[in-house]
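Biologist: I am new to this structure and would like a close look at a single part. Please start with the rings.

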Amino acid sequence: KPLSAECSSQAPIVAAAVHSGAWLKEECQKCAEELGGMSSQELFGAVFDLLSSTEDSNVIQNELAELLGLNRLDLIQELLTHRCLLVDSILQEGQSLAPSVVRPGKASTTSQPSQLHRPVYGSQVIIQSEDEMKLKKLLRKEEKKQAKKEKDGHGEEDQASYLRSHGFDPFDLRVHREQALAEAAGRPILSDIRFRSAEKEQYPFVFDSMAKVKASAAYVDTTKLLLPEEAVRKNDSRMEEITIPHTCAPPPPVGEARIRVADLDEVARLAFKGVEYLNRIQSIVFDAAYTTNENLLISAPTGSGKTNIAMLAVLHEMKNNIDHMGVLRRNQFKIIYVAPMKALAAEMVRNFSARLSPLGVVVKELTGDMQLTKHEIFNTQMIVTTPEKWDVLTRK
């Protein structure tokens, strides 16, 4: 939000005499003497850049705490409270705070108020990459630590000897840090790897008709893409409007060779009586569902035939329990169908019972409303239940 938006609720004007540019410069002088690593003029410029920015007060508070230290929270609070007054005072003082700033072609003088200029810190625009900012912040922290050690009596020689005792060369560390800072300064700002498009992984049996459309641009493989013939152009003095009519994407070219039920074995023909062909999704997963024991996860819209895919898996299990005489060994297997709701479980019982009764398979419902005895469970080949009921049964 703009800086002026925060100025309406700041302290009264009477505080301007106290919180001026000279006061801020004096406070920066004290902080620079205690912190070390930065001159008072550099610290003054960094604080002015933060106060005159359009960042939120919380962001500026964190940056000031990083710059001045956590032991100066009172000063930081005072800077934020009188932020607007400080910026206006510094811009009005201008020449007295930055006497070296002179406009091109004009001489510097303090006798003419009309020639007062902004301080150099209010007119600079510095663009830095994220890596460069991080390295400079790290360098500033290390300089503060070094200054604090020197103030406490631990000089540079003690630190150098400490580093050498642990196998590090202080000169090499300094050179590597400065080299990394120089590389970050010369690196393009907008070369972040996060903006690079990664290749999308292709999964088997996942078909998205819009995937190629989303990946297309104005040119694909040196071929220019043109607007369709139905597109309408309207030009006026302000803009060019192009209306492209909606077109339905053709279905993906998979599963076109649909499986004919008449070509299946006798068990499948009895279960799919009245069905002439399997649809596309059922034809795609037919081999995995009807001929293997592989686990399947089918993600398809409602009404796309997922129940018939479950029927293919049921028939596969039944075929595994047919002996060489062609007799179904009903006591050798149990099929559990878990429906999400009791109402759907009752519907599935009616559906599977009608389709599997020619094969002599008994289908029963086992929910909170329908209980089965041990004898009934023993004589049932397919049980349709709900997740809650099945959880209760398998816990016992």
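Is tyrosine 337 buried or exposed, and at what relative accessibility?

Modeller: This is a predicted model. Tyrosine 337 has a relative accessibility of 18%, and since buried means under 20%, tyrosine 337 counts as buried.

A pair of aromatic rings is described by two values, the distance of the centres and the angle of the planes. The count of aromatic pairs in this model comes to two. One of them is formed by phenylalanine 286 and tyrosine 290, which are stacked, with 5.2 Å from centre to centre and 25 degrees between the planes. The other joins tyrosine 337 to phenylalanine 352, and this pair is edge-to-face: the centres are 5.2 Å apart and the planes stand at 65 degrees. An angle over 60 degrees counts as edge-to-face, whereas one under 30 counts as stacked.

Tyrosine 337 belongs to strand E5 (residues 335-338), while phenylalanine 352 belongs to helix H16 (residues 342-356), so their pairing ties together parts that are 15 residues apart in sequence. Phenylalanine 352 counts as buried because its relative accessibility is 0%.

Phenylalanine 286 is buried, and so is tyrosine 290.

Phenylalanine 272 has arginine 355 over its face, at 5.0 Å from the ring centre.

The secondary structure comes to 18 helices and seven strands. Two of the strands, E3 (residues 232-235) and E4 (residues 240-243), run antiparallel and are joined by four bridges. They form a hairpin, with four residues between E3 and E4. Across this pairing, arginine 233 stands opposite isoleucine 242 in E4.

The chain has 396 residues, of which 28% count as buried. Tyrosine 337, at 18% relative accessibility, counts as buried, and phenylalanine 352, at 0%, does too. Among the contacts in the chain with a separation of 6 or more, 55% are between residues 24 or more positions apart. The accessible surface of the chain comes to about 27300 Å², and carbon and sulfur atoms account for 54% of that area.

Key:
Residues are numbered from 1 along each chain as its sequence is written. This is a predicted model: local features need pLDDT of at least 70, side-chain atom pairs count only at pLDDT 80 or more; totals for chains, interfaces and linings use all residues. Side-chain values use heavy atoms; hydrogens and water are left out. Rings of Phe, Tyr and Trp (its six-membered ring) pair if their centres lie within 6.5 Å; planes under 30 degrees apart count as stacked, over 60 as edge-to-face and the rest as tilted. Buried means under 20% relative accessible area, exposed over 50%, partly exposed in between (1.4 Å probe, protein chains only). A charge sits over a ring if NZ of Lys or CZ of Arg is within 6 Å of the ring centre and within 35 degrees of the ring normal. Contact means heavy atoms within 4.5 Å. Accessible areas come from the Shrake-Rupley method with a 1.4 Å probe; for residues, only the protein chains shown count as cover. Two strands pair if DSSP finds at least two bridges between them.
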